[in-house]
Amino acid sequence: MIRRFVRQKFGSAGLVVALAVLGLVQLLSLAAQGAAGGFAMAGWAIFVIAAGSVSKDISSGALQMILSRPIRRTQYLFGRYFGVLLSYAQFLLLTSVLSFLFVHLVVLRTARGAAADFSTAGLAVGAGQAFLTGALQAAILLLFSTFLPGIADLLGLLLVYLVLNLPQFSQAPWLRTAGERARENMLPSVEWARVLRGDGALGAATGRFVFALTVYLVLAAIVFSRRELPYGQD
């Protein structure tokens, strides 16, 4: 299932072009700002890769054919999830390598000191931070993709962020507190730069991240296992 997902995604010319554009913008950003600039643009790649990861197979009828074989729904589902992570990791690795080569072979030779803050360690930490953040977003998209059509899972993810962030603008202290607690547990914010450098790896924020990731994946498995699959529409 992982191999099938990777072949399916990178076999799409539109997706490859979209990832190439994002990778180019990220490369230029890293060259200009150094490793400290992070992987903000690369983070958009997880949406391109993970959107409709399950719903597209359902609407096309491919899923019904796949499940006619001796394969469990959970095997298919988690195969899609790990396929997303593998595809995203490949994108981040390629972007990091090309950025490293571009900076050291072009930027540093043409403008000495222009990328003085660019380091291999900083690049690795930035890529790791982007990957871990994307892993949680991919789990949320996977959950919504099990019951929403097309790429409506992106709207579901946007709705989660919107609903969980609205309470902070409320005048009621109890609502702001409740919203903060919900965000801490459903969209935990982890300082991955510190964690990846060995500081606070077993902290409360990391624990909340693991908990939220587990909850989203378990919910996705429950919903997908109980859903009655329709015939293909495309």
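Are Arg80 and Asp57 buried or exposed? Both Arg80 and Asp57 are buried, where buried means under 20% relative accessible area, exposed over 50%, and partly exposed in between (1.4 Å probe, protein chains only). The legends below start from this pair.

This is a predicted model, so local features need pLDDT of at least 70 and side-chain atom pairs count only at pLDDT 80 or more, while totals for chains, interfaces and linings use all residues. Residues are numbered from 1 along each chain as its sequence is written, and side-chain values use heavy atoms, with hydrogens and water left out.

View 1. Let's begin with Asp57, which sits in helix H4 (residues 55-60); helices (H or I, at least four residues) are DSSP runs, numbered from the N terminus. Asp57 counts as buried because its relative accessible area is 2%. Leaving aside neighbours within four places in sequence, Asp57 is in contact (heavy atoms within 4.5 Å) with Arg4, Gln8, Ala62, Leu63, Gln64, Ile66, Tyr76 and Arg80. For a sense of distance, Ala31 is 26 residues from Asp57 in sequence, and their C-alpha atoms are 38 Å apart in space.

**View 2. Two salt bridges that meet at Asp57.** A salt bridge is a side-chain nitrogen of Lys or Arg within 4 Å of a carboxyl oxygen of Asp or Glu, and the structure holds five of them. In one, the side chains of Arg4 and Asp57 come together at 3.1 Å, N to O. This pair ties together distant parts of the chain, with Arg4 in helix H1 (residues 2-10) and Asp57 in helix H4, 53 residues apart. Arg4 is partly exposed, with a relative accessible area of 23%. In another, Arg80 meets Asp57 at 3.5 Å, N to O. Here too distant parts of the chain are linked: Arg80 lies in helix H6 and Asp57 in helix H4, 23 residues apart.

View 3. Look next at Arg194, which forms a salt bridge with Asp199, the closest N and O atoms being 3.1 Å apart. Arg194 is partly exposed, at 39% relative accessible area, and Asp199 is partly exposed too, at 41%. Elsewhere, salt bridges that share partners join Arg4, Asp57 and Arg80 into one network.

View 4. Asp153 is found in helix H8 (residues 152-165). Asp153 is buried yet has no salt bridge, and the nearest side chain of opposite charge, Lys56, is 8.2 Å away; Lys and Arg count as positive and Asp and Glu as negative, while His and the chain ends are not counted. Beyond its neighbours within four places in sequence, the contacts of Asp153 include Ala50, Ser53, Leu141 and Phe144.

**View 5. The largest nonpolar core and helix H7.** A nonpolar core is a set of buried Ala, Val, Leu, Ile, Met, Phe, Trp, Tyr and Cys residues joined through side-chain atoms within 4.5 Å. Of the 53 residues in the largest one, Phe39, Tyr81, Tyr88, Phe91, Ile140 and Tyr216 touch the most other members. Several helices each supply at least two residues of this core, among them helix H6 (73-110) and helix H7 (120-145). The largest share, 12 residues, comes from H7. Since 19 of the 26 residues of H7 are buried, this helix is largely enclosed by the rest of the structure.
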